[in-house]
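Reader: I am new to this structure and should like to learn how to read its features. May we go through them one by one?

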Amino acid sequence: VGITISAEQKKFIDARIAGRGLGDRVEIRLQDYREITDGPFDAVASLEMGEHVGEKNYAVYAKALFDNAAPGACVLVQQMSRSGKHPGGGPFIESFIVPDMTMRPVGETVNYLQRAGLEVRDVQAMREHYVWTVDAWLETFESRWDDVVAMVGEEMARVWRLYLVGDIIDGWRLKKRFYWPAAH
């Protein structure tokens with residue numbers, strides 16, 4: 001069972017499920033996480049969602065993760081984290097890309113999850129891998145440029161191109177700093 005609040009995402013995933021003949025095994029619902037009533041489940045995963053529930057709702061979100069996991073079930077939370085004065089990623093990102101995003105330091109997220117009743121057993125920082133993800137997004141984006149422009153217009157397509165290229169530059173700068181230090 002998967003949930004999303006995006007009708008477009010549901011339609012896309014439903015088509016993938018049907019194409020793979022998995023309709024009898026996989027269900028995608030158009031549903032808010034606060035409306036799940038048929039748990040608990042054997043496992044719970046939340047991917048790239050925690051940063052969009054907002055600071056005010058994060059405790060409710062963490063409690064929903066706990067409430068929907070059967071006793072002893074694993075819960076996977078994958079989300080972005082950030083320290084500093086721009087919890088949404090900075091003025092450009094907050095204005096043009098994801099105005100609802102709120103990131104917090106990893107420790108604060110762990111505290112929320114523990115207060116909700118979850119036992120945190122492992123935390124992995126994967127920031128250095130993000131550049132590979134964004135690089136693949138940009139490659140697909142550029143190869144489908146005409147489709148993107150048809151979908152959102154040239155101005156918005158250029159904004160997203162700027163965002164993706166900027167993330168790649170920042171990511172490579174981070175990788176170079178931590179993994180390929182300058183020779184002394």
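Reader: Is Asp-38 buried, partly exposed or exposed?

Author: The general idea is relative accessible area: buried means under 20%, exposed over 50%, and partly exposed in between, with a 1.4 Å probe and protein chains only. Asp-38 has a relative accessible area of 40%, so it is partly exposed. Please note that this is a predicted model, in which local features need pLDDT of at least 70 and side-chain atom pairs count only at pLDDT 80 or more, while totals for chains, interfaces and linings use all residues. Residues are numbered from 1 along each chain as its sequence is written, and side-chain values use heavy atoms, with hydrogens and water left out.

Reader: With which residue does Asp-38 form a salt bridge?

Author: A salt bridge is a side-chain nitrogen of Lys or Arg within 4 Å of a carboxyl oxygen of Asp or Glu. Asp-38 forms one with Arg-29, and their closest N and O atoms are 2.5 Å apart. Arg-29 also meets Glu-27 in a salt bridge, at 3.0 Å from N to O. Within it, Arg-29 is buried, at 16% relative accessible area, whereas Glu-27 is partly exposed, at 38%.

Reader: How many salt bridges are there by this rule?

Author: The count comes to 9. One of them joins Lys-63 and Asp-67, with the closest N and O atoms 2.7 Å apart.

Reader: By about how much of a helix are Lys-63 and Asp-67 separated?

Author: Helices (H or I, at least four residues) and strands (E, at least two) are DSSP runs, numbered from the N terminus. An α-helix has 3.6 residues a turn, so residues three or four places apart point the same way. Lys-63 and Asp-67 lie 4 residues apart in helix H2 (residues 58-67), which means that about one helical turn separates them. Lys-63 is partly exposed at 40% relative accessibility, and Asp-67 is partly exposed at 41%.

Reader: What span should helix H1 have?

Author: The expected span of a helix is 1.5 Å times one less than its number of residues. Helix H1 (residues 7-19) has 13 residues and should therefore span 18 Å; its end C-alpha atoms are 18 Å apart, in agreement. Just after H1, Gly-21 takes a positive phi of about 65 degrees.

Reader: Which residues touch the most other members of the largest nonpolar core?

Author: A nonpolar core is a set of buried Ala, Val, Leu, Ile, Met, Phe, Trp, Tyr and Cys residues joined through side-chain atoms within 4.5 Å. In the largest, of 14 residues, they are Ile-93, Ile-97, Phe-141 and Leu-164. Helices H3 (91-97), H5 (130-143), H6 (145-152) and H7 (154-179) each supply at least two residues of this core. H7 gives the most, with 4 residues. Another core lies apart from this one; it has 13 residues, including Val-44 and Tyr-61.

Reader: Where is Ile-36 placed?

Author: Ile-36 is in the loop between strand E2 (28-30) and strand E3 (41-47). Contact means heavy atoms within 4.5 Å. Leaving aside neighbours within four places in sequence, Ile-36 is in contact with Ile-3, Gln-31, Phe-41 and Asn-68. Ile-36 and Val-149, 113 residues apart in sequence, are 36 Å apart in space, C-alpha to C-alpha.
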